[in-house]
Amino acid sequence: MTMSTGTAPDSVEPAEFRDAMAHLAAPVTVVTTLDGAGRRWGFTASAVTSVSMEPPLLLVGIGRESSCHRALTAADEFVVNLLGEKHRATARAFATRDTDRFAATEGFEPWPGAGLPYLPGATAAFRCRRAGVVPAGDHDLVLGELVQIHTGTSAAPLVWYQRDFHTPRR
């Protein structure tokens with residue numbers, strides 16, 4: 001059912017939306033891939049969620065202005081590395097612009113049989129085949145069908161909340 005009041009709603013300013021969304025805790029991940037030349041790409045992402053169980057799908061949101069946009073949206077496969085409390089420095093490094101993010105961190109290895117960079121020490125790593133890209137405002141939503149999962153050690157999660165990284169109390 002669609003409801004209409006007959007008047008156009010007021011628009012929300014981007015800063016107001018950003019301030020309100022700061023109250024929504026989100027998981028912290030590092031999304032990685034390879035471009036056609038085999039160059040590694042990666043970025044910190046909190047806009048990641050499960051979408052479907054059959055088939056198993058997840059979604060990654062990426063801004064069109066991101067330096068990794070072209071690599072991720074064109075890649076056949078990518079990895080979502082779910083970070084734990086010990087990965088705060090990795091999250092910061094992959095959120096930094098204009099730097100070699102992989103050189104600033106340690107621990108990434110090639111996924112066996114695929115070569116995609118992944119973090120074996122991550123809480124979980126999800127190897128995905130790109131299933132589609134959906135435009136959404138100034139972002140694209142990249143759908144990934146899960147190919148393999150690597151589960152690491154259980155750790156307190158790293159979350160993005162109030163514009164900073166936090167670890168919830170147990």
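Tutor: Ala, Val, Leu, Ile, Met, Phe, Trp, Tyr, Cys and Pro count as nonpolar, Asp, Glu, Lys and Arg as charged, and the others, Gly among them, as polar. Note that this is a predicted model.

Student: On that scheme, how do the residues lining the largest pocket divide?

Tutor: The lining has 19 nonpolar, 8 polar and 7 charged residues.

Student: What volume does the largest pocket have, and which residues lie nearest its centre?

Tutor: The largest pocket holds about 1400 Å³ of space. Its lining is made of 34 residues, and those nearest the centre are Ser-46, Ala-47, Gly-63, His-139 and Trp-160.

Student: Which elements give two or more residues to that lining?

Tutor: Helix 1 (14–21), strand 3 (40–45), strand 5, strand 10 (139–151) and strand 11 (159–161).

Student: And the second largest pocket, what is its volume?

Tutor: About 250 Å³. It is lined by 14 residues, with Arg-39, Trp-41, Thr-99, Asp-100 and Arg-101 closest to the centre. Strand 3 provides the largest share of this lining, 3 residues.

Student: How does that lining split by residue class?

Tutor: Into 4 nonpolar, 4 polar and 6 charged.

Student: Back to Arg-101. Which side chain has a polar atom 3.2 Å from its backbone oxygen?

Tutor: That of Thr-105. Thr-105 sits in the loop between helix 3 (88–94) and strand 7 (109–110).

Student: Is Thr-105 buried or exposed?

Tutor: Thr-105 has a relative accessible area of 13%, so it counts as buried, the cut-off being under 20%. Apart from neighbours within four places in sequence, Thr-105 is in contact with Thr-90, Ala-93 and Phe-94.

Student: Changing topic: why is strand 2 called largely enclosed?

Tutor: Because 5 of the 6 residues of strand 2 (residues 29–34) are buried.

Student: Which strands does strand 2 join?

Tutor: Strand 2 runs antiparallel to strand 3, with 6 bridges, and antiparallel to strand 6 (residues 77–82), with 4 bridges. Leu-34 is opposite Arg-40 in strand 3, and Val-30 is opposite Asn-81 in strand 6.

Student: What about the hairpin of strand 2 and strand 3, how many residues lie between the strands?

Tutor: There are 5 residues between them, and Gly-38 in this hairpin has a positive phi near 85 degrees.

Student: And how many residues lie between strand 4 and strand 5?

Tutor: That hairpin has 2 residues between its strands. Strand 4 (residues 48–53) and strand 5 (residues 56–63) are antiparallel and share 5 bridges, and Ser-52 has Leu-57 in strand 5 as its bridge partner.

Conventions: Residues numbered from 1 in each chain as written. Predicted model: local features only at pLDDT ≥ 70, side-chain atom pairs only at ≥ 80, totals over all residues. Heavy atoms only, no water. Buried < 20%, exposed > 50% of the residue type's maximum accessible area, 1.4 Å probe, protein only. Polar contact = N/O pair within 3.5 Å; in protein donor to acceptor, adjacent residues only side chain to side chain. Contact = heavy atoms within 4.5 Å. Pairing = 2+ DSSP bridges. 1 Å grid on protein atoms, 1.4 Å probe; cavity = no way out; pocket = protein on both sides within 12 Å on 5 of 7 lines; lining within 4 Å. Points joined across faces, edges and corners; volume = space filled by probe spheres on them.
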